[in-house]
Amino acid sequence: MSIATTAIPSPRQPSRRKSLRFDDRRQLFLLALALPAVVYIAAVAIWPLVQGIGYSFFDYNLLRRGGAKTFVGLDNYVQVLTDGTGQRALINTFVFTIGAVFFEFILGLGLAMLLWRDGRFNRICLAFLLIPVTITPLVVGLIFRALLAVDYGYIGYYLAEWGITSPRGLLAGTTTALPTLIFIDIWEWTPLVALILLAGLKALPGDILEAAFADGATSWQRFRLVILPLLLPTVFLALVLRMMDAFRVFDSIFVTTGGGPGDATTSLMVYGVKQGLQFFNIGYASAIANISILCIALMAAAFTLLIRRADVKANEQ
Amino acid sequence: MIKTSALKLGVAAFALASAVATAGAADKPLAGTTLTIASQNDQFASVIAKLAPEFEEKTGATVKVDILDYGSLLTKTQADFVGHTKSYDLITMDIVWAGQYAENGYTVDLNDLMKRDAAELQIDDIYPATLKYIGQYNGKQVAFPFAGYAAVLAYRKDLLDAAGLKVPETAEDFVATALKLTDPSKKIYGFVANGQKGPAVAQDWLQYNAQLGGSVLDASGKPALNSDANIASLKVYKELFDKAAPPGAVDYDWGGREESFRQGLAAMMETWSVGAPGYYDPTMSKVVDTVGITYTPVAKGMEPKYGLGGWGMAINADIDKEKQEAAWTFIKWLTSPEVQKEMNMNGAGSYIRKSTLADPDLNKKYPFLPIIAKSFDNADGDYRPRIPQYPEIQDLLGTAVNAVLVGGVDPKTALDDAQAQAVKLF
């Protein structure tokens, strides 16, 4: 109510102030529009995040001592970073993220270039390519688990029978399990990267490409000196999206290997979910989650810097 | 005017309703009550769901059975206890959760109710080991046993006969026989056990470990995961996986293991008695005529003791007194001799009563019941320590043993690592 009363301009006031008042009112109106979203975000994202940061400094297990909390400072973080499983989880997560995103980008870029030219065949291909993206990662994991099973899987059985893999199969080998999971991720998400890059390619200004062509640039020169620099913002988008997603990998690992064999495929999220939702070790699980958030934030920042530098360099040329 | 008549009508309706309710209460004391059970997806689950209408007919209470896999059951019920959300009135409790339940007071202590209704329960007919291990902890009875399982050895008579071998009576014989019976070219393996990371491999190894003289706790109850006996038994377990188990076994859990035996892939398998009815079922088993069931072997010179596992029914301590009483009525019904027999005639494979295991009809259907009876008489339900830290210990072992089986990690290194982490839990 007070907003309405103060905001009604008195007719005697000068017009300059009147318009300012109008702006104020507009601002308030816009704020009011945003308010539900702000409240929502605060309740479901910011508040839990702050809580999670708080919990991470406590020895807080819901199943012990009636859920009593003891302040332990940075102990949880130290333990994640020094504990064997914690270190493995961190390394596995980085290997998975870098491996998966690298190949998804290379293959996705290649696919996007192939599909750039608009034609019926390409449109049909595109539609088929999107099938993996539409399947839930959990289901993808179950499908590959079944395919790779050595007893009855269409792929796993023959690979083992022909001696290409060990008789126990790809997912049961300490050296092959993580690469297999990376492959599954590449299978599922390369089309998405291709689609994002394709959208970027289609939005490139045609006159510049024509000019490069008229100037006699070779295909490679056109790609490296014209297309790639112009495509950088889209590349950035694709890489950051996939990187954040890959770093949080959980479902496909959970249903295929459960983090095994041993802890060869335990990712930070698999480890965190186990600690938090299986053992209800909330303090420790919060520390794992915060480390994960921090890593993602740092990688996103690094990407932004790299891309900006590349962008500046490209503009200078 | 209208108001008054509406009021009169209301009063009349209320009177009528209470009259009906009283009439109903006489023969159906629990009419209007709904009991929700969180049940492990074992053989008994669908049987309980099938028999529940009989309980409703008798008492008026509706029973809803929520059938969950092991992981979901644990997570959902823990969340229910911790959040006091009262989603479940009754919970099937794995034998190894007793310590955690007792420490946190999640469920109703049944001691007083058992004393009050001792005659009705016919406690003397129930195996003391099932009462002791499935639910008793630090003087509390946190659950009432309704499905006791004995660890048994399932074997193939035809394969042993063909090789001229006897059914192994010691753990050493078992290993030697398993190695001899294995012939990968014919797809016959001497042995199969759970190798899958997590509870599956941990629980199976703990079983063999106990038979070979190992133990995960020392005499004072502190963790001793890397004791010499444990390291030695893990070496044996690895040897069996390397030389005598189907290659896929490193990823088997209970389901995969049972299936491989029913399909005739494995010659010998230690298992829970609850799986045994499946071997005699021609719709799912290829070994109906050739399977035998016997006692689990222990190392030479060791006192024979047989692994005991199974499930108790627990009452959520958060629900109100009246509902707790209704839940107790359900437990009494479920564990009564009549219902126990009916459950097992339906293939539940869940035994707690001497009279059920001695029942002629059941013995005709399942020839292996005397083995279970004798195993229950000499049962050990503590080889998987039922302490509050059990889930974490099981997880550490589940990772360590799996790493040894498939990762080429040395048994001592793996158990040393697990021990270092286990010590932090105490």
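This report walks through a predicted model with chains A and B.

## Ground rules

Residues are numbered from 1 along each chain as its sequence is written, while chains are lettered from A and ligands numbered from 1 in the order in which they are written. In this predicted model, local features need pLDDT of at least 70 and side-chain atom pairs count only at pLDDT 80 or more, but totals for chains, interfaces and linings use all residues.

## Domains and annotated spans of chain A

Chain A is assigned domain 1 (2-55) and domain 2 (76-316). Such bounds come from an automatic or database domain assignment. The centres of the two domains, taken over C-alpha atoms, are 40 Å apart.

An unreviewed UniProt entry lists "transmembrane region" for residues 28-50, 89-114, 126-148, 186-204, 225-244 and 282-307 of chain A. UniProt positions follow the numbering used here, feature names are shortened, and annotations may be inferred rather than shown by experiment. Take residues 28-50 of chain A: the span is 100% helix and 0% strand, with end C-alpha atoms 27 Å apart. Residues 126-148 of chain A are 87% helix and 0% strand. Their end C-alpha atoms also lie 27 Å apart. Helices (H or I, at least four residues) and strands (E, at least two) are DSSP runs, numbered from the N terminus.

## Where the chains meet

Chain A gives 24 residues to the contact and chain B gives 20. Two residues are in contact if their C-beta atoms, placed from the backbone, lie within 7 Å. On the side of chain B that touches chain A, α3 (70-83), α4 (98-104) and α19 (390-407) of chain B each give two or more residues. The largest share, seven residues, comes from α19(B).

By class, this side of chain B has seven nonpolar, nine polar and four charged residues. Here Ala, Val, Leu, Ile, Met, Phe, Trp, Tyr, Cys and Pro count as nonpolar, Asp, Glu, Lys and Arg as charged, and the others, Gly among them, as polar.

## Helix α20 of chain B

Helix α20 (residues 411-423) of chain B has 13 residues. At 1.5 Å a residue it should span 18 Å, and its end C-alpha atoms are 18 Å apart, so the two agree. The expected span is 1.5 Å times one less than the number of residues.

Which residues of α20(B) are buried? They are Pro411(B), Ala414(B), Leu415(B), Asp417(B), Ala418(B), Gln421(B) and Ala422(B). They cover an arc of only 155° around the axis, so they sit on the same side of α20(B). The arc is that of the directions from the helix axis to the C-beta atoms. Their cover includes α4 (84-114) of chain A, together with α11 (228-244) and α19 of chain B.

A residue is buried if 20 or more other C-beta atoms lie within 10 Å of its own, exposed if 12 or fewer, and partly exposed in between; C-beta atoms are placed from the backbone.

## Gly156 of chain A

Gly156(A) is in helix α8 (residues 156-161) of chain A. Gly156(A) counts as buried because it has 24 C-beta neighbours inside 10 Å. Leaving aside neighbours within four places in sequence, its contacts include Leu147(A), Val150(A) and Leu170(A).

## Backbone exceptions

Most residues other than glycine have a negative phi, and most peptide bonds are trans. Gly260(A) and Pro261(A) are joined by a cis peptide bond, with omega about -10°. Pro261(A) is in the loop between α12 (251-256) and α13 (268-278) of chain A.

Lys86(B) has a positive phi, near 55°. Lys86(B) counts as partly exposed, with 15 C-beta neighbours inside 10 Å. Lys187(B) has a positive phi of about 60°. Lys187(B) counts as exposed, with 10 such neighbours inside 10 Å.
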